[in-house]
Amino acid sequence: MPATGDGRAPGAADLPGAHDGAPVGHARNRPTTGPATATPPIPHPRSQPVRSTHGSRHPSHLAEQGNPPAAGDGPADGSTPLRLLVIEDDASDAQLIKAAVADSGTSIEIHWARGLEQATQLLAQASPATRRGRSRGNEFGCVLLDLASPADLPHPSDASDGLEGLHELLRRAPHIPVVVLTDAAGAELGAAAVAAGAQDFLLKHETDGPLLARALRYAVERKRADESQRRLVEAELRGQENARLQRHLLPTPLLDGAGLSFTRRYRPGRRRALLGGDFYDAVRTDDGTVHVVIGDVCGHGPDEAALGVALRIAWRTLVFAGLTGETLLTTLQHVLEHERRSDEIFATLCMLVIEPGAATGPDELGAGERARLHLAGHPAPLLLGRDHAPVILPSDLAGPALGLLPCHDGQAAWPAHEVELPPGWRLLLYTDGLIEGRVGAGSRRLGQDGLADLIADHQSAGLTRGRLVDSAIAEVEELNGGALTDDVAVLLLERNPAQLLLG
C-alpha cells in the first residue's frame with residue numbers, strides 16, 4: 001500500500017488480483033488468459049471518485065466510502081468479527097487495506113479514521129458500554145496505524161522521533177493492541193514503534209491479505225499475553241505488599257526484663273496468607289507484671305483476620321492504660337461488638353496475668369509466682385513440668401466467648417482462677433485449631449487430653465522450646481492426615497533466669 005506521493009499517477013491502472021493475496025499496494029502479475037468466469041479485477045481506488053469530506057461529517061466505516069467491505073458484514077457462522085480501527089489519512093490506502101482484509105478470508109469489521117482526533121472519538125464511543133459491564137462486542141479489538149499519517153496533535157513535541165502519533169494513541173488507548181504500517185525505508189522506525197509499545201509493524205509494499213490478518217491476530221494475542229503478564233506482576237506486587245503488611249501486623253512481645261523465654265508459632269488456615277483470625281500478644285508493665293493473651297475470632301477470612309488485629313491492638317492498649325481482669329474483657333467485648341461485621345461473630349480468648357514473685361536473687365527468679373487465668377470460651381493452657389506430665393489448667397470458671405452474650409445482663413462474666421506457678425514453670429497456650437485435628441481416618445479429635453499426652457512424649461525425648469513446639473505441630477498434622485485447615489497459634493512461655501529469648 002503506497003503512501004501518498006509514491007510516484008503513481010492519480011489514474012493508475014486497476015489492481016488485478018487484489019483478492020488473490022497480492023501485496024498491499026502492489027499489483028500481482030497474472031496471466032491474461034483464463035476461464036471466462038474469472039473474478040473481474042478490482043479498480044484502483046484512485047480511479048474512483050472519492051467523496052469530499054468538506055462541509056460534512058466524515059464517515060467512520062469504510063462501507064460509506066463506496067463499495068461495502070466484504071469483511072465488515074460479519075461471518076456466516078455468527079461468530080463475532082474482529083473490529084479493526086484503521087488510522088489512515090489517505091482514502092486510497094484505506095481502500096487497499098479493505099481489499100487486503102477481504103483477500104485474507106478473515107472475519108474483520110473495518111472502521112476508518114483519518115487521524116487521532118477522529119480515532120479518539122470512535123474509541124470513546126466504544127468504551128462506555130465496557131465500563132458499564134455490558135457486552136464487549138462494540139470494543140475495538142485492534143488498531144492499524146499508518147506512521148506516515150499526520151499525528152494531528154494539539155501541541156506537537158519539538159523533539160520529533162516519528163512516533164508522536166503512536167505515543168499519543170498508546171496514551172489514549174493503552175489497552176488496545178496496535179499494529180503500525182511503514183514503508184520499506186522506515187523499517188527501523190517500525191522496530192522503534194514495537195519497542196515503544198506497538199505489538200507489531202508491517203512494511204506496506206510487502207504486506208498482503210493473509211500477512212495482514214496474521215499480524216492482527218498476533219497483535220491481539222500478544223497484547224492479551226502482555227496484559228496477563230502485567231496483571232500477574234501486579235498481583236505478585238500486591239501479594240508482596242500484603243505479606244509485608246500482614247507481617248507487620250503480627251505482634252512483637254514487649255517482655256524486656258521479664259526473664260522469660262517466649263516461643264510462638266502462627267499458621268493461618270487460609271492459603272497464601274500470613275494472618276488469620278487467631279491473635280496473641282505479651283507485654284510487661286512497669287510494675288513487673290506480665291500480661292499474655294491468645295484468642296481466636298470465629299471464621300477464616302480477611303475480615304476475621306482484621307478483627308483479630310483490632311482486638312489484639314485494643315487489648316495491648318487497655319493493658320497499658322491500667323485495665324485488667326473482667327474490666328478489660330468487658331471493654332474488649334464492646335470493641336468487638338462495634339468492629340464485627342455481623343452479630344454472629346464472636347471470639348474466644350485466654351488471658352494470663354503473671355505477678356512477679358518475691359525472689360531475692362537471680363537463682364530464685366520465678367519463685368512464689370502466681371497467675372490469674374481468665375478464659376472466655378477458650379481451651380485452658382497446659383502447665384508443663386520437668387518431673388511430671390503436662391497438666392491442663394482448670395477451666396471451671398470459664399466464661400462465654402466474647403460477643404456471645406451482652407455484658408449488661410450480668411451473664412458475660414469472666415472470673416479469674418488463681419494458679420500457683422512452681423519454679424521453672426512452663427505454660428503452653430494454643431488455639432483450638434491445634435486440638436481439633438482428627439486422629440486417624442475416623443471422626444475422633446485430638447482434644448486437650450491427646451495434646452497433653454503428645455507433649456509429654458516429646459518432652460521425654462528431650463525436646464524443648466522451639467523444637468518441642470515444632471515437633472508437636474508436625475505430629476498433630478501427621479495424625480490429621482495432612483495440614484490443619486483451621487488457624488493455629490501456639491505460645492510457649494517459660495521462666496528463664498537468663499536474658500529474654502524469643503523463638
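Colleague: How many helices and strands are there in the protein chain?

Modeller: The chain has nine helices and 16 strands, taken as DSSP runs (H or I, at least four residues, for helices; E, at least two, for strands) numbered from the N terminus. This is a predicted model, where local features need pLDDT of at least 70, side-chain atom pairs pLDDT 80 or more, and totals for chains, interfaces and linings use all residues. Residues are numbered from 1 along each chain, and side-chain values use heavy atoms, without hydrogens and water.

Colleague: Why are α8 and α9 called oblique to each other?

Modeller: The axes of α8 (residues 447-460) and α9 (residues 465-480) cross at roughly 130°. Under 35 degrees counts as roughly parallel, over 145 as roughly antiparallel, 65 to 115 as roughly perpendicular and the rest as oblique, so α8 and α9 are oblique.

Colleague: Which residues of α8 and α9 make the contact?

Modeller: Leu454, Ile455, His458 and Gln459 of α8 touch Leu468, Ser471, Ala472, Glu475, Val476 and Leu479 of α9, with contact meaning heavy atoms within 4.5 Å. Six of these residues are nonpolar, three polar and one charged.

Colleague: What makes α1 roughly perpendicular to α5?

Modeller: The axes of α1 (residues 91-104) and α5 (residues 209-249) come within 7 Å and cross at roughly 85°. That angle therefore makes α1 roughly perpendicular to α5. Where they meet, α1 brings Ile97, Ala100, Val101, Asp103 and Ser104, and α5 brings Gly209, Pro210, Leu212 and Ala213.

Colleague: What share of the residues counts as buried?

Modeller: Of the 503 residues, 47% are buried, that is, under 20% relative accessible area with a 1.4 Å probe, protein chains only.

Note on methods:
Buried means under 20% relative accessible area, exposed over 50%, partly exposed in between (1.4 Å probe, protein chains only). Axes are lines fitted to C-alpha atoms, for helices over the stretch in contact, and angles run from 0 to 180 degrees between N-to-C directions. Ala, Val, Leu, Ile, Met, Phe, Trp, Tyr, Cys and Pro count as nonpolar, Asp, Glu, Lys and Arg as charged, and the others, Gly among them, as polar.
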